Amino acid sequence: MRISAKADYAVRAALHLAAARDAGPLKAEAIAEAQEIPHKFLEGILGDMRRGGLVVSRRGSSGGYRLARSPESISVADVIRAVDGPLVSVRGVRPPELSYTGAAESLLPLWVALRVNVRRILDGVSLADVASGALPGEVSGLVDNPAAWRNP
C-alpha cells in the first residue's frame, strides 16, 4: 500500500490546523512553510478538503483555513478520502466490484480483508489522537513490535 504525497500533505496540513485550532484561521502560506509543503500544491489540497467538508475558508486579511469540525470528529481516513478517494482500490476499482476466476479466485477476499484492516486503523485514529501523540491502543500496540519498523 502506498500513501500518496497528496494524502501525506493533506494529513499534515489537517494536523497543523488541529494543533492551532484556537489560533483562528491560518493562511495556506503559513501551513505550507511550517510543514514544508509546496504552496501551490497545498492550495489544491485545501480546496479538496474544503469540498470534502473538512475545512472552511475565509477570505481577506484575517482570513485563512480552519477545520470545519473538531479534530476529535475527523479521522485520518476522512482526510485521505477527501483528497485521494477510496482508501483501498485495485487498479482503481473498489474490491467488492472485482471478480476473479480459477487460481486467483481467493484473491478477492484477500483484498477485502486488506481494506477492512486499513479502514479499521485509519477510521479509528482521529486528528486529535495524532496531534496529541496519543494513538489508540490498537495502533500503538502494532508499532511497539520491533518487526514493524523493519523492511523485508
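So, α1 and α3: helix α1, residues 5-19, packs against α3 at an angle of about 75°, and the axes are 10 Å apart. That makes α1 roughly perpendicular to α3. On cut-offs, 65 to 115 degrees counts as roughly perpendicular, under 35 as roughly parallel, over 145 as roughly antiparallel, and the rest as oblique. The axes are lines fitted to C-alpha atoms, for helices over the stretch in contact, and the angles run from 0 to 180 degrees between N-to-C directions.

Before I go on, this is a predicted model, so keep in mind that local features need pLDDT of at least 70 and side-chain atom pairs count only at pLDDT 80 or more, while totals for chains, interfaces and linings use all residues. Numbering starts from 1 along each chain as its sequence is written, and side-chain values use heavy atoms, with hydrogens and water left out.

Who meets whom there? From α1 we have A5, K6, Y9, A10, A13 and A14, and across from them in α3 sit F41, L42, I45, D48 and M49. Contact here means heavy atoms within 4.5 Å.

Now α1 also packs on α4, at about 130° with the axes 9 Å apart, so α1 and α4 are oblique to each other. On the α1 side the residues are K6, A7, A10, V11 and A14, and they meet V76, V79, I80, V83 and D84 in α4.

Next pair: α2, residues 28-35, and α3, residues 39-51, at about 120° and with axes 9 Å apart. Those two are therefore oblique as well, and the crossing is right-handed. Here A28, E29, I31 and A32 of α2 meet H39, L42, E43 and L46 of α3.

Let me step back to the whole chain. We have seven helices and two strands, in the order α-α-α-β-β-α-α-α-α. Those are DSSP runs numbered from the N terminus: H or I with at least four residues for helices, E with at least two for strands. The C-alpha atoms fill a box of roughly 60 × 35 × 25 Å along the principal axes. Of the 152 residues, 32% count as buried, where buried is under 20% relative accessible area, exposed is over 50% and partly exposed is in between, with a 1.4 Å probe and protein chains only. And of the contacts between residues at least 6 apart in sequence, 55% join residues at least 24 apart.

On to α5, residues 107-123. Its 17 residues reach 24 Å from first C-alpha to last, close to the 24 Å expected at 1.5 Å a residue; the expected span is 1.5 Å times one less than the number of residues. Which residues of α5 are buried? R115, V118 and L122. They cover an arc of only 70° around the axis, which puts them on the same side of α5; the arc is taken over directions from the helix axis to the C-beta atoms. An α-helix has 3.6 residues a turn, so residues three or four places apart point the same way. What covers the buried residues of α5 includes α4, residues 76-84.

Last, two loop residues. S126, between α5 and α6, counts as buried at 9% relative accessibility. Leaving out residues up to four places away in sequence, S126 touches P71, E72, I74 and S75. L135, in the loop between α6 and α7, is partly exposed at 37%.

Technical notes. A crossing is left-handed if the near helix is turned anticlockwise from the far one by less than a right angle, and right-handed if clockwise.
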